[in-house]
Amino acid sequence: MSTQPSGLSRSRAVLSLEYPMSLGRYDTYEKAQKAVDYLSDHEFPVQNVLIVGTDLKQLERVTGRLTRARVAVGGLVSGAWLGLFVGMIFALLDTSSAAGFGGVIVTVAFGSVFGLIWALIGYAITGGNRDFTSVTQVVATQYEVLVEHRFAQKARELLAQLDPMAAAQAQVDAAREAERQRLAGQTQPPQPPA
């Protein structure tokens, strides 16, 4: 039985903090990165900081219409590349036959035909659904900078020097939230003893 942590548990350990506390939320990754870079420039132990993208959304940019001709050309080209790769490997490894360049041409031709047929079969199976090409990306709408609890106060003091107005606004927001919670606690009816 192995006592070595798995790759997944190791990555979780690297991406986790002990009692993380928020230093702030930023609209762009660049702003969050600027805050962490500022901490780094001021000798802060940034290995205790984590940038977390939150409120994920998926963007899909449609890049063009997908037609039978476009599918055929794509299959032909990708098959030719695969054929060229396989042909070059055979040509390099097989020194006993004199096929050489001719063998590469044959594998490129075979790969092209195979790619063409395979792409057209795949297109026919879809039955006309999703007749467009696109590029998809998952992006965060906000980025939160977290730090281990034992370094939170020092990090907040440093970031207050970076943007004093934002630090003052964060203090006002925290005070309002604390007051709201205090008032909510006063208005709750007393709980009967259990």
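Predicted model: local features only at pLDDT ≥ 70, side-chain atom pairs only at ≥ 80, totals over all residues.
User: How many helices and strands does the protein chain have, and in what order do the elements run?

Analyst: The protein chain comes to 6 helices and 3 strands. Read from the N terminus, the order of its elements is α-β-α-β-α-α-β-α-α.

User: What share of the residues of the protein chain counts as buried?

Analyst: Of the 194 residues in the protein chain, 21% count as buried. The chain exposes about 14,400 Å², and carbon and sulfur atoms supply 62% of that area.

User: Among the contacts with a separation of 6 or more, what percentage joins residues 24 or more positions apart?

Analyst: Such pairs account for 88% of those contacts in the protein chain.

User: Which residues of α2 and α5 meet?

Analyst: From α2 come Lys34, Ala35, Tyr38 and Leu39, and from α5 come Ala155, Leu158, Leu159, Gln161 and Leu162. Sorted by class, this contact has 7 nonpolar, 1 polar and 1 charged residues.

User: Is Gln161 buried or exposed?

Analyst: Gln161, which is found in helix α5, counts as exposed because its relative accessibility is 52% and the cut-off for that class is over 50%. Gln161 and Tyr38 are 123 residues apart in sequence, and their C-alpha atoms are 9.6 Å apart in space.

User: How do the axes of helices α3 and α4 cross?

Analyst: Helix α3 (residues 68-93) and α4 have axes that come within 6 Å and cross at roughly 145°. This crossing of α3 past α4 is right-handed. The residues of α3 that meet α4 include Arg68, Val71, Gly75, Leu76, Gly79 and Ala80, while those on the α4 side include Gly100, Val104, Gly111, Ser112 and Tyr123. By class, the contact of α3 with α4 has 13 nonpolar, 9 polar and 1 charged residues.

User: Where is Ser112 found, and which residues does Ser112 contact?

Analyst: Ser112 is found in helix α4, which spans residues 100-126. Leaving aside its neighbours within four places in sequence, Ser112 contacts Gly75, Leu76, Gly79 and Ala80. Its relative accessible area is 12%, so Ser112 is buried.

User: What is the phi of Glu43?

Analyst: As a general rule, most residues other than glycine have a negative phi. Glu43 is not a glycine, yet its phi is positive, at about 65°. Glu43 lies in the loop between α2 and β2 (49-65) and is exposed, with a relative accessible area of 71%. Asp55, also a residue other than glycine, has a positive phi near 55°. Asp55 lies in strand β2.

User: Which residues does Arg65 touch?

Analyst: Arg65 has its place in strand β2. Not counting residues up to four places away in sequence, Arg65 touches Arg70, Asp131 and Phe132. With a relative accessibility of 64%, Arg65 counts as exposed. The C-alpha atoms of Arg65 and Arg130 are separated by 9.3 Å, and these two residues are 65 residues apart along the chain.

How values were computed:
Residues numbered from 1 in each chain as written. Heavy atoms only, no water. Contact = heavy atoms within 4.5 Å. Helix = DSSP H or I, 4+ residues; strand = E, 2+ residues; numbered from the N terminus. Nonpolar A, V, L, I, M, F, W, Y, C, P; charged D, E, K, R; others polar. Buried < 20%, exposed > 50% of the residue type's maximum accessible area, 1.4 Å probe, protein only. Areas by Shrake-Rupley, 256 points an atom, 1.4 Å probe, with all protein chains shown as cover. Axes fitted to C-alpha atoms, helices over the stretch in contact; angles between N-to-C directions. Left-handed = near helix turned anticlockwise from the far one by under 90°.
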